[in-house]
Each structure stands twice: as structure tokens, then as C-alpha cells.
Amino acid sequence: ERKRKIMKSNTPEEVFVDGQWMEVDRELTFEIWGETFYMGYDERQRIRDLKRKCIQRSKRTGIKHNLDHIQPLIKGGLHKSWNLQIVTEEQNLKKGDKFSLEDQKLLAWRLLIK
């Protein structure tokens, strides 16, 4: 019974995001939603503001933009406003889950200088 529960908890599930069903890992989903649920109101507001800016930029330019985690979640990044940037969808897909030296410099600048 315990083994079955563990296996079930690690199986992918589907969530509805941006008008389509996407398969995601349950553990990762729990981590992200857990972080979101426990972050403070101000942090949630900053993330909402970034999402609004992203949508506005897409409408203004006619090019689809996404919020990108500078340090990807899969590489230990956090779902925090300082770890998010607005990039074109093409740039986001090209980057994938890479965490380049330039990304590390950008993140260090945001954390240490800003």
C-alpha cells in the first residue's frame, strides 16, 4: 500500500495552463504551489505585476512573451520575482532549462546590487 502511494504521488498529472493541458510532475507541482501559497502578499503582487507587464508587452509588440525563471526551477531556482524575467517565447524555448554564466551574473546582480 505504501509503495503504491509513493508511486502514485510521483506519477505525472495534467494541469490546464494557458488554454491547454500540460503534463507535469506531481512533486514539482507541489513545490511550486507550496512556494506560491506560503509567499507573502507583496511577493505575489510583484509576480502578478510581472505577468501583467508580460501580457502588455505581447499585445504592444505582437510577439508572444513569457515569464522565464532565470535559474530554472529544475536547477534549484525559486519561484520569486527576483528570479523572473520577461523574454520572448522564442528566447524562452531556446533557453530551455539551461542556467548559463550570463544568467548567473544577472541573478547575482539582481540579488547583490539591486
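This briefing describes the salt bridges of one predicted model. Residues are numbered from 1 along each chain as its sequence is written. Because the model is predicted, local features need pLDDT of at least 70 and side-chain atom pairs count only at pLDDT 80 or more, while totals for chains, interfaces and linings use all residues; side-chain values use heavy atoms, with hydrogens and water left out. Side chains of opposite charge can pair when their charged atoms come close. A search of the whole structure finds four salt bridges, each being a side-chain nitrogen of Lys or Arg within 4 Å of a carboxyl oxygen of Asp or Glu.

- R52 and D49 form a salt bridge, with their closest N and O atoms 2.6 Å apart.
- Both residues belong to helix α3 (residues 41-61), where R52 and D49 are three residues apart, about one turn of the helix. Helices (H or I, at least four residues) and strands (E, at least two) are DSSP runs, numbered from the N terminus.
- R52 counts as partly exposed because its relative accessibility is 42%, and D49 counts as partly exposed at 31%. Buried means under 20% relative accessible area, exposed over 50%, and partly exposed in between (1.4 Å probe, protein chains only).

- D68 forms a salt bridge with K95, the closest N and O atoms lying 2.9 Å apart.
- This pair links distant parts of the chain, 27 residues apart: D68 is in strand β3 (residues 65-69) and K95 is in helix α4 (residues 89-95).
- D103 also meets K95 in a salt bridge, at 3.7 Å from N to O.
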